[in-house]
Amino acid sequence: MNVLDFVNAFFSDSAQWHGYDGIPQRLLEHVQYTLMALGIAAAIGLPVGLLTGHTGRGGNAVAFVATAARALPSFGLLVLIAVVVGIGLLPVMIPLVVLAIPPILVTTYEAVRSVDPAPVDAARGMGMHEPDILLRVELPVALPLVLSGLRSAAIQVVSTATIAAYVSLGGIGRYIIDGLYQRDYEKVVGGATLVALLALATLAVFWAAERLAVSPGVRRR
Amino acid sequence: MIRIDSVTKRYPDGTVAVDRLSLEIPDRSITVLVGPSGCGKTTTLRMINRMIEPTEGTISLNGADLQQQPVTTLRRSMGYVIQNAGLFQHRTILDNIATVPRMIGWGRRKSRERAAELMERVGLDASLAKRYPYQLSGGQQQRVGVARALAADPPVLLMDEPFSAVDPVVRKGLQDELLRIQDELGKTIVFVTHDIDEAIKLGSTVAVMRTGGRLAQFAPPAELLSNPVDDFVEDFLGADRGIRRLSFFASEGLELTTDPVVRVDATAEQLAAPDAPYLLVTDAEGRPLGWAEPGDLTAGDIVAEGLLPYGRPFVPGADSLRAALDCAVLSPTGWAVAVDAGGRVTGVVSQQAVGEAIRAAHSAADTGDARAVGPADIAKVAP
Ligand SMILES: Nc1ncnc2c1ncn2[C@@H]1O[C@H](COP(=O)(O)OP(=O)(O)O)[C@@H](O)[C@H]1O
Ligand SMILES: [Mg+2]
């Protein structure tokens, strides 16, 4: 049997399509974990990145935090936190958020830093307030880069959210972990395929978001 | 009036960018700050809208210290134009121009109407309204920058080398446009440039600054050209300041003669009549065709191709003595051709006659000094 046969067998098994262990349910759980982790990471990374980028202060701190966060192994963090606080959503969310913050924070910081200083100077000179300068002058121009940071974070979280299954939660990781445990390679390959599809879907969502949110004047098309 | 009173700016690294500068910038006219790169022009300009705060001294606007009002209120009363326009690339041209009206609470509709009005005023075609900055040439972007600064009708306009990044032809167009707009609007404009020609062309008063942020001379351009206060100013004005000064003398007084002017269909008698070394041939409507020696012309058989070029005619009244002299110098015969607004010859004048007019104008300017140089009381010289 080759990989394609596994994929075929996995997706054509009608039992996969309903119930608490069905593909829709697992996908939904996976998307929920991803959105939650991404939402928390963005709520931290975006404002900090925007502010440090705008003021130009704290660049070193941003770089340090990002490097440190990248050095933490997600799985190690999961086990560690699970040991400390027990099994649940927290040991899953913390490593995913830690994983997602660096690309969001660093890219947002860099994005705002790289905005042409001339329009910012013009805006300040015409009496625009600082928050408006950041949100109405810098952010719209920095947006493509900011979105690309969010996108890398989202892709990483989508693939890494499989670890939720280690602490008895759901998500697509269930197929992979259960499959490995049961030596059911059909499940493993099917789960991996689902993760890959979800990653592609994420790319599509960001592509659409960029089309909608970025001004044609910035896209230059 | 903007009054700069012994202002010094020392940057944290110790650089003294502006050194005890005092200037009184008159209302409703263009005051130019000019000087070599790094002499503190930008620093001075940015202290007027408090983008930079002075280390010592005060700046006041209509008698009130700038520090007395909130900085955003102050800046909203002063349009600000910078070198590369600094347009918002995510906004359309119309919305770029509507920025300040929107910011101070005008409705979207009213702001856009105002923006459209300004596009016309600065000579931008209405079809550009929906475009984005990247779709405009450098010169057009600069016009948008000027329109954006004028949008909320601020009494003061601060301009920092606004035309330095465009090519000479476009620059000339922008300068002419600014002078035209200023004629209509009468703003108090502070204009920074490193280009002395631009300063002389645009300024009602010119402040020449020297390296170290000190004022070298503050005077109307004609006075600057006739009486540079020291070697630095004289060098900065360049070698041909005598010629350039002629731009400030009218060409009206030149004595024109129509004796050597003949029409292309002139008879042999008419061709023989003038006692002149050269004849200027015009077409039937009186437009110049070219010069010829009397002996070379045959009545009824004059072809434009066989004539000497007449150079570039000048319009007495509209053009200066400099243009008249330029005409005479460029003409192969040494005679300048004067035309009316419709391009019809009103007479010719020799180099010699232009030279006499220049001498007369100089002596008139020197005896009537106070009148020729304008408000001498505001001219101040650095210690
Ligand atoms: N932020 C700054 N910190 C230190 N020195 C500065 C700063 N800005 C300008 N300068 C210095 O101050 C002097 C005047 O600068 P500037 O006003 O920009 O001159 P200009 O506009 O006439 O070219 C220059 O020597 C410049 O290097
Ligand atoms: Mg400068």
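This is a predicted model: local features need pLDDT of at least 70, side-chain atom pairs count only at pLDDT 80 or more; totals for chains, interfaces and linings use all residues.
In chain A, helix H4 (residues 74-85) packs with helix H5 (residues 90-113). The angle between these two helices is about 145 degrees, and their axes lie 8 Å apart. The crossing of H4(A) past H5(A) is right-handed. On the H4(A) side, the residues that take part are A:Ser74, A:Leu77, A:Leu78, A:Ile81, A:Ala82 and A:Val85. Their counterparts in H5(A) are A:Leu90, A:Pro91, A:Val92, A:Ile94, A:Pro95, A:Val98 and A:Leu99. Sorted by class, this contact consists of 12 nonpolar residues and one polar residue, with no charged residues.

The surroundings of A:Ile104 can be listed in detail. When neighbours within four places in sequence are left aside, A:Ile104 is in contact with A:Leu38, A:Ala41, A:Ala42, A:Gly45, A:Leu46, A:Gly149, A:Leu150 and A:Ala153.

Chain B holds an open sheet of four strands, in the order E2-E1-E4-E5 and with antiparallel pairing. The edges are formed by strand E2 (16-25) and strand E5 (64-65). Each of these edge strands has a single partner strand, so one side of each has no neighbour in the sheet. Strand E1 (residues 2-10) of chain B is paired with strand E4 (residues 56-61) of chain B through five bridges, in the antiparallel sense. In E4(B), B:Thr58 is the residue that stands opposite B:Asp5.

Positive phi values occur at two residues of chain B that are not glycine, B:Arg20 and B:Asn62. For B:Arg20, phi is about 40 degrees, and this residue belongs to strand E2 of chain B. For B:Asn62, phi is near 50 degrees, and the residue is placed in the loop between E4 and E5 of chain B. The relative accessibility of B:Asn62 is 57%, so B:Asn62 counts as exposed, the cut-off for this class being over 50%.

How values were computed
Residues are numbered from 1 along each chain as its sequence is written. Chains are lettered from A and ligands numbered from 1 in the order in which they are written. Side-chain values use heavy atoms; hydrogens and water are left out. Axes are lines fitted to C-alpha atoms, for helices over the stretch in contact, and angles run from 0 to 180 degrees between N-to-C directions. A crossing is left-handed if the near helix is turned anticlockwise from the far one by less than a right angle, and right-handed if clockwise. Contact means heavy atoms within 4.5 Å. Ala, Val, Leu, Ile, Met, Phe, Trp, Tyr, Cys and Pro count as nonpolar, Asp, Glu, Lys and Arg as charged, and the others, Gly among them, as polar. Two strands pair if DSSP finds at least two bridges between them. Buried means under 20% relative accessible area, exposed over 50%, partly exposed in between (1.4 Å probe, protein chains only).
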